[in-house]
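I opened this notebook to record what I looked up in the structure.

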Amino acid sequence: MSSISAHQFIVLEGISGSGKTELGKLLAQQISGQYYTTPPESFRPSRKEIDEKATLEARFWFYLASVVQASHEISKILETQDVVCDKYILSTICYHRALGLDIKIPQWVTYINPDHTFLICCDDDTRRKRLRASPGSIMNREKYDLQQQMEQRCLLEFRRCIHQEIDNTGDGPQHAVNRILAAIRR
């Protein structure tokens, strides 16, 4: 389903620690849009249990359902303003592909397509510093290493799907936001 709105739907995708949230909030503020993050609020209470206990297939369907719900909520917001979304359909697809699931989304699953999708990246050292500073960071070295291997596989999947990449390593978040603004104004 396409976005049919005078307002823009901009998605920022990327792996943990790339800076999506900071850039998304800053971008939304500068375009007088609304910042939105997935999964939607109604799905968040179940997220931890799904991540820990559900099969990979069930986990995928949970996150896909959350995108369908997010799409509905975003379409309402787009009636009055631009939306900057932190993670959307490609996060669901790429993370599950990186975990080994062969993804096939049925045609009856509908969601609005973004006007712009950007892959937010940064170098590994910057990412590690951001991850260590974030609440809930993984302190167990073995779990951390496994998580990072999966994140790198996910990054490869993102790069297969997204053609607009924004490096968020240096020069501060405003510099990255300026590159996004230049791209959406073309």
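I took a nonpolar core to be a set of buried Ala, Val, Leu, Ile, Met, Phe, Trp, Tyr and Cys residues joined through side-chain atoms within 4.5 Å, where buried means under 20% relative accessible area with a 1.4 Å probe, protein chains only. The model is predicted, so local features need pLDDT of at least 70 and side-chain atom pairs count only at pLDDT 80 or more, while totals for chains, interfaces and linings use all residues. Residues are numbered from 1 along each chain as its sequence is written, and side-chain values use heavy atoms, with hydrogens and water left out.

Entry on the cores. I found 32 residues in the largest nonpolar core, of which Phe9, Ile74, Tyr88, Ile89 and Phe158 touch the most other members. Elements giving two or more residues to this core include strand S1 (9-13), helix H3 (56-77) and helix H4 (89-98); helices (H or I, at least four residues) and strands (E, at least two) are DSSP runs numbered from the N terminus. I noted a second, separate core of 17 residues, with Ile10, Leu26, Ile31 and Val84 among them.

Entry on H3 and H4. Their axes, lines fitted to C-alpha atoms over the stretch in contact, come within 9 Å and cross at roughly 170 degrees. H3 is therefore roughly antiparallel to H4, a term for angles over 145 degrees, on a scale from 0 to 180 degrees between N-to-C directions. In contact (heavy atoms within 4.5 Å), Leu56, Arg59, Phe60, Tyr63, Leu64 and Val67 of H3 meet Ile89, Thr92 and His96 of H4.

How values were computed
Buried < 20%, exposed > 50% of the residue type's maximum accessible area, 1.4 Å probe, protein only. Parallel < 35°, antiparallel > 145°, perpendicular 65-115°, else oblique.
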